[in-house]
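Let's take a walk through this one together.

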Amino acid sequence: MSLSNVKCTVDNCRYWQNENCQATAIEVNVDEGGKRAQNSKQTQCHTFEQK
Ligand code: SF4
């Protein structure tokens, strides 16, 4: 079962469909490592797989 209500704009990901994520779970990390981000631009989805 996919996650509900996870909006995503990365349309070349294999889990992406119609502006939503169809993965069963996602992992999001801070860009430069560590556990603290200053803003949303410093985070990214590591579940991404290119189509
Ligand atoms: S896995 Fe990540 S990048 Fe891919 S559709 Fe889901 S949220 Fe977007």
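Is C8 buried, partly exposed or exposed? C8 is partly exposed, with a relative accessible area of 22%; the scale here calls a residue buried under 20%, exposed over 50% and partly exposed in between, using a 1.4 Å probe and protein chains only. Before going further, keep in mind that this is a predicted model, in which local features need pLDDT of at least 70, side-chain atom pairs count only at pLDDT 80 or more, and totals for chains, interfaces and linings use all residues. Residues are numbered from 1 along each chain as its sequence is written, and side-chain values use heavy atoms, with hydrogens and water left out.

Now to the ligand. Around it you'll find C8, C13, Y15, W16, C21, C45, T47 and F48, where being around it takes a heavy atom within 4 Å. Sort that shell by type and you get seven nonpolar residues, one polar and no charged; Ala, Val, Leu, Ile, Met, Phe, Trp, Tyr, Cys and Pro go down as nonpolar, Asp, Glu, Lys and Arg as charged, and the others, Gly among them, as polar. C45, another member of the shell, is partly exposed at 37%.

What about disulfides? A disulfide is a covalent bond between the sulfur atoms of two cysteines. With the cut-off set at a pair of cysteine sulfur atoms within 2.5 Å, a search of the whole structure turns up zero of them.

Next, the charges. Side chains of opposite charge can pair when their charged atoms come close. Counting a side-chain nitrogen of Lys or Arg within 4 Å of a carboxyl oxygen of Asp or Glu, there is one salt bridge. The partners are E49 and R14, whose closest N and O atoms are 3.6 Å apart. They link distant parts of the chain, 35 residues apart: E49 is in the segment after β4 (43–45) and R14 in the segment before β1 (16–17). Strands here are DSSP runs of E, at least two residues, numbered from the N terminus.

N18 counts as exposed at 63%, while E19 counts as partly exposed at 40%.

Technical notes: Helix = DSSP H or I, 4+ residues; strand = E, 2+ residues; numbered from the N terminus.
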